[in-house]
Amino acid sequence: MADSVNTWLPWKDPQSFLGGLPERVQATYYAGGELDQEPDQVEFYVPSYMGSSRAVEVISEMPNLKVVQTQTAGFENVLPYLPDGVTLCNARGVHDASTAELAVALILASYRRIPTAVVNQQQGIWPADPGIDDSLADRTVLILGYGSIGEALERRLAGFECDIIRVARRARDGVAPITELPALLPRADVVVLLTPATEETKGLVDAQFLGRMKDGALLVNVARGVVVNTGDLVAELGKGRIRAALDVTDPEPLPAGHPLWSAPNVLVNPHRGGASTAFPPRVARLVRAQLERYVTGEPLINVVAGPPR
């Protein structure tokens, strides 16, 4: 390996952000857009978080690239530009706290009718008969895509006196395989989507899936928009039978006038699952550790594509 490792990082002051750079790491700032210098010597690259498509497209222009470290758990947008022999690592664990918190917030906001309260406050309305809200207590929450974020979500739900059904692609202790989902869906009061976006999960939540959900059930999507067939969801919401709280949509951004905006019983949040103050220190620890591993020859963690390194 060369005396120095040329890295492109999306922070103007990586020394401060990362709490110092490992020895031999030479950092250049790049967060997308026009190139100030040629990318031919880049060996380790961290694309910007939620940046422009250019921040990912440039990967295919790096002939000496060895490692791409994303700041997101999802990595499907990187794969089309990943050259053979380049190791791709995701940010598994970085967004656990932020995303799990938001999932809980979306459930509670929907159950306790917080959006309605906000509208009433803006209009100066105190309802004469506010009615009775739903409670998370005594409900059953099905977590679909039970991984590290699912574990974080379950820890946060532990004090809410609700039951948990765990579902993942494959069965393991305490976790049901996705093949059992049709039988499990009718039992759930809340279904939280945490699946990655793959060919298998694209459109997974379709009319058949939604039809198996019990009356009054709440669908919470903090995964990826393409996991849900938007047309089928709009149609089911229009029946008034189920509810939804969405951090992600398909298409995204959701264009003005899209029927999902005006569908009944839906709360739309503009994709902020990972964007909280919990994110920077966690991604800084991950990237700093990965750089240290790389320059010292230790195995990288979170490898999701390409060769182990």
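Reader: Which residue does arginine 241 form a salt bridge with?
Author: Glutamate 236, with the closest N and O atoms 2.9 Å apart. A salt bridge here is a side-chain nitrogen of Lys or Arg within 4 Å of a carboxyl oxygen of Asp or Glu. Salt bridges that share partners tie Asp215, Glu236, Lys239 and Arg241 into one network.

Reader: Before I go on, what sort of model is this?
Author: A predicted one: local features need pLDDT of at least 70, side-chain atom pairs count only at pLDDT 80 or more, and totals for chains, interfaces and linings use all residues. Residues are numbered from 1 along each chain as its sequence is written, and side-chain values use heavy atoms, with hydrogens and water left out.

Reader: Ok, back to glutamate 236. Buried or exposed?
Author: Buried, with a relative accessible area of 6%. Buried means under 20% relative accessible area, exposed means over 50%, and partly exposed is in between (1.4 Å probe, protein chains only).

Reader: How many salt bridges does the structure hold?
Author: It holds 13. Among them, glutamate 61 and arginine 54 meet through their side chains at 2.6 Å, N to O. Glutamate 61 is partly exposed at 35% relative accessibility, and arginine 54 is partly exposed at 23%. Another salt bridge joins the side chains of arginine 139 and aspartate 134, at 3.2 Å, N to O. Aspartate 134 has a relative accessible area of 24%, so it counts as partly exposed.

Reader: Switching to the fold. What's the strand order in the open sheet of six?
Author: β2-β1-β3-β4-β5-β13, with mixed pairing. Its edge strands are β2 (25-29) and β13 (303-305), each pairing on one side only. Two strands pair if DSSP finds at least two bridges between them. Strands (E, at least two residues) and helices (H or I, at least four) are DSSP runs, numbered from the N terminus.

Reader: How many bridges hold β3 and β4?
Author: Two, in the parallel sense, between residues 44-45 of β3 and 67-69 of β4. Phenylalanine 44 stands opposite valine 67 in β4.

Reader: And which strands does α10 lie across?
Author: Helix α10 (residues 279-296) lies across β1 (5-9), β2, β3, β4 and β5 (87-89), and runs at about 165° to β4. That angle is between N-to-C directions on a scale from 0 to 180 degrees, and the axes are lines fitted to C-alpha atoms, for helices over the stretch in contact.

Reader: What about isoleucine 301, where does that lie?
Author: In the loop between α10 and β13. Isoleucine 301 counts as partly exposed, at 34% relative accessibility. Leaving aside residues up to four places away in sequence, isoleucine 301 touches Cys89, Leu286, Gln290 and Arg293; contact means heavy atoms within 4.5 Å. Isoleucine 301 and arginine 92 are 209 residues apart in sequence, but 9.2 Å apart in space, C-alpha to C-alpha.

Reader: What's the order of the open sheet of seven strands?
Author: β8-β7-β6-β9-β10-β11-β12, with parallel pairing. At its edges are β8 (176-177) and β12 (266-268), which each pair on one side only. Within it, β9 and β10 (residues 218-221) run parallel and are joined by four bridges. Leucine 193 has asparagine 221 in β10 as its bridge partner.

Reader: Which strands does α5 lie across?
Author: α5 lies across β6, β7 and β9, running at about 165° to β6. Helix α5 (residues 148-157) is mostly covered, with seven of its 10 residues buried. The buried ones are Ser148, Ile149, Gly150, Ala152, Leu153, Glu154 and Leu157. They pack against α3 (96-111), β6 (140-144), β7 (163-168) and β9 (190-193).

Reader: Last topic, aromatics. How many pairs?
Author: Five aromatic pairs. Rings of Phe, Tyr and Trp (its six-membered ring) pair if their centres lie within 6.5 Å; planes under 30 degrees apart count as stacked, over 60 as edge-to-face and the rest as tilted.

Reader: Why is the pair of tryptophan 11 and phenylalanine 17 stacked?
Author: Because the planes of tryptophan 11 and phenylalanine 17 are at 20°, with the ring centres 4.5 Å apart. Tryptophan 11 is buried at 12% relative accessibility, whereas phenylalanine 17 is partly exposed at 28%.

Reader: Which residues form an aromatic cluster?
Author: Trp8, Tyr30 and Tyr45 form one.
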